[in-house]
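Biologist: I would like to learn how to read a model like this one. Please take me through it feature by feature.

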Amino acid sequence: MGVTGHREQVLVTRRLTPGTLDRLTARHRVELHDSDTVMPRDLLLRAVRGKAAALTTLDDRVDEEFLAAAGPGLRIVANHAVGLHNIDREACAARGVQVTNTPGVLTESTADLTMALLLGAARRIGEGERTVRSGTPWNWAPDFLLGLELSGARLGILGMGAIGRAVARRAHGFGLRIGYHNRTPLPEEQSAGAPWRPLEQLLAESTLLVVSCPLTGQTRGLLGARRLALLPAGAVLVSITAGVVDEDALAAALGSGALLAAAVDHHTREPAVNQALLAQERALLTPHLGSATTHTRRAMGALAVDNVLAALDGRRPPSAA
C-alpha cells in the first residue's frame, strides 16, 4: 500500500511527449531512459532493480527475468500502449504486480490511419508517389495504376473491438458493405450495423480486409497462406496488428498477383521490416503510425502516468488490464 507523500522509485523506459512526466516527477523519483530508441535489455534489467513502478512500451519485454531483476518492491507495470503482448501477465499476477495499458484514447487516431491505409493501398497511392519522386517518365493513360473503388465494395473487419467499430463507422461513409469476425458475435447494437461472419466466410466475401484483432496465442499467424488464398482475386488487405498475418505469405500473395495491394503499419519484428514485403511494389508500409498524433500520444502518456500514480497511492489504476 502506497503512502501519500512518500517518494517511490519509478522507471520510465522511453522519452515521452513534453510535459507528460511532470506530475510523476513532482511526486516520485523518476529514472528516465531519455531516448527515442529501445532501452537495451541489459540496461533495462539493471535499471528496474528496486523500482516500485515501471512505465514501459511495447518494445520492453516484461517476463520472469524482468520481474526477478525488479525485485519484490515492484507494484505496477504501466504499458504505454493498448497492446499487452510484451507482458507476461500471469507472471505479473503471480508476483502481485498490477498491469495496465492505455485503451480508448488511441481508438480514433488509429481508425483514421486505418482508413488512410485502406485508401492508399486500394488506390495505389504509394506506387504513384514513388513514380513521381523517382523521376520515372509517366503520363495519364486509361490503364495507368488502376486501383480498387471503395464505394459498394465489401469490407471485412477481423477484430470488431473499439478500433474495428471506429473503422466501421468511417467505412459506412464511403458506402462500403461491412461484415466482421470476432470469436464471439457482438450484440447488434455494438456491431456498427455489420453482420458477424465465420472467419473463412468473411475472407471469401471481403474485397477489402482490415486486420485489427489483438495479438494472442490464438491469433498469432492466424492468416497464413491457406486463409489468404480465400480472399477474392484482387483483394486489398490492411493490417494494423503485428503477428496476425504471416508476412511471408502476404508477400507471396502480392507477388503472385492474388492480391491487388496490402498495407502494414504494425510489423511482426519491428523495427525490422519483412524483406519479402519490402520487395513488393504494391505493399504500402508505414512505421507504426496508428496512434501518432500529438493529441493521442499526450493522452496515452497521461493515462499511463495516472495508472502509476494510482497504484503507488494504493488506489485501483483507471485502466487496470
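**A buried serine**

Modeller: Serine 239 has 3% relative accessibility, so it counts as buried. Buried means under 20% relative accessible area, exposed means over 50%, and partly exposed lies in between, with a 1.4 Å probe and protein chains only. This is a predicted model: local features need pLDDT of at least 70, side-chain atom pairs count only at pLDDT 80 or more, and totals for chains, interfaces and linings use all residues. Residues are numbered from 1 along each chain as its sequence is written, and side-chain values use heavy atoms, with hydrogens and water left out.

Biologist: Which residues does serine 239 touch?

Modeller: Contact means heavy atoms within 4.5 Å. Leaving out residues up to four places away in sequence, serine 239 touches Val211, Val245, Ala263, Val264, Asp265 and His266. Its side chain also has a polar atom 3.1 Å from the backbone oxygen of threonine 241. A polar contact is a pair of N or O atoms within 3.5 Å; within protein, one must be able to donate a hydrogen and the other to accept it, and residues adjacent in sequence count only if both atoms are side-chain atoms.

Biologist: Where does serine 239 sit?

Modeller: Serine 239 belongs to strand 9 (residues 235–239). Helices (H or I, at least four residues) and strands (E, at least two) are DSSP runs, numbered from the N terminus.

Biologist: How do I read the side chains of strand 9?

Modeller: In a regular strand the side chains alternate between the two faces of the sheet. Here Ala235, Leu237 and Ser239 point one way, Val236 and Val238 the other way, and all are buried. Strand 9 is mostly covered: five of its five residues are buried.

Biologist: Which strands pair with strand 9?

Modeller: Strands of a sheet pair through backbone hydrogen bonds, either parallel or antiparallel. Two strands pair if DSSP finds at least two bridges between them. Strand 8 (residues 208–211) runs parallel to strand 9 and is joined to it by four bridges. Leucine 209 stands opposite leucine 237 there. Strand 10 (residues 259–264) is also parallel to strand 9, through five bridges. Valine 264 in strand 10 is the bridge partner of serine 239.

Biologist: In what order do the strands of the open sheet come?

Modeller: Five strands form an open sheet in the order 2-1-3-4-5, with parallel pairing. Strand 2 (29–32) and strand 5 (98–100) are at the edges with a single partner strand each, so one side of each has no neighbour in the sheet. The twist averages 15° from one strand to the next. Inside the order, three bridges join strand 1 (residues 9–12) to strand 3 (residues 53–56). Leucine 11 stands opposite alanine 54 in strand 3.

Biologist: Which strands does helix 12 lie across?

Modeller: Axes are lines fitted to C-alpha atoms, for helices over the stretch in contact, and angles run from 0 to 180 degrees between N-to-C directions. Helix 12 (residues 294–312) lies across strand 1, strand 3, strand 4 (76–79) and strand 5, at about 170° to strand 4. Histidine 295 is in helix 12. It is exposed, with a relative accessible area of 63%. The C-alpha atoms of histidine 295 and serine 109 are 8.9 Å apart, although 186 residues separate them along the chain.

Biologist: How many salt bridges are there?

Modeller: A salt bridge is a side-chain nitrogen of Lys or Arg within 4 Å of a carboxyl oxygen of Asp or Glu. The count comes to 23. In one of them, arginine 75 meets glutamate 8 at 3.3 Å, N to O. This pair links distant parts of the chain, 67 residues apart: arginine 75 is in the loop between helix 3 (64–70) and strand 4, and glutamate 8 is in the segment before strand 1. Both residues, arginine 75 and glutamate 8, are buried.

Biologist: Are arginine 226 and glutamate 200 buried, partly exposed or exposed?

Modeller: Arginine 226 is exposed, with a relative accessible area of 53%. Glutamate 200, at 33% relative accessibility, counts as partly exposed. The two form a salt bridge, with the closest N and O atoms 2.9 Å apart.
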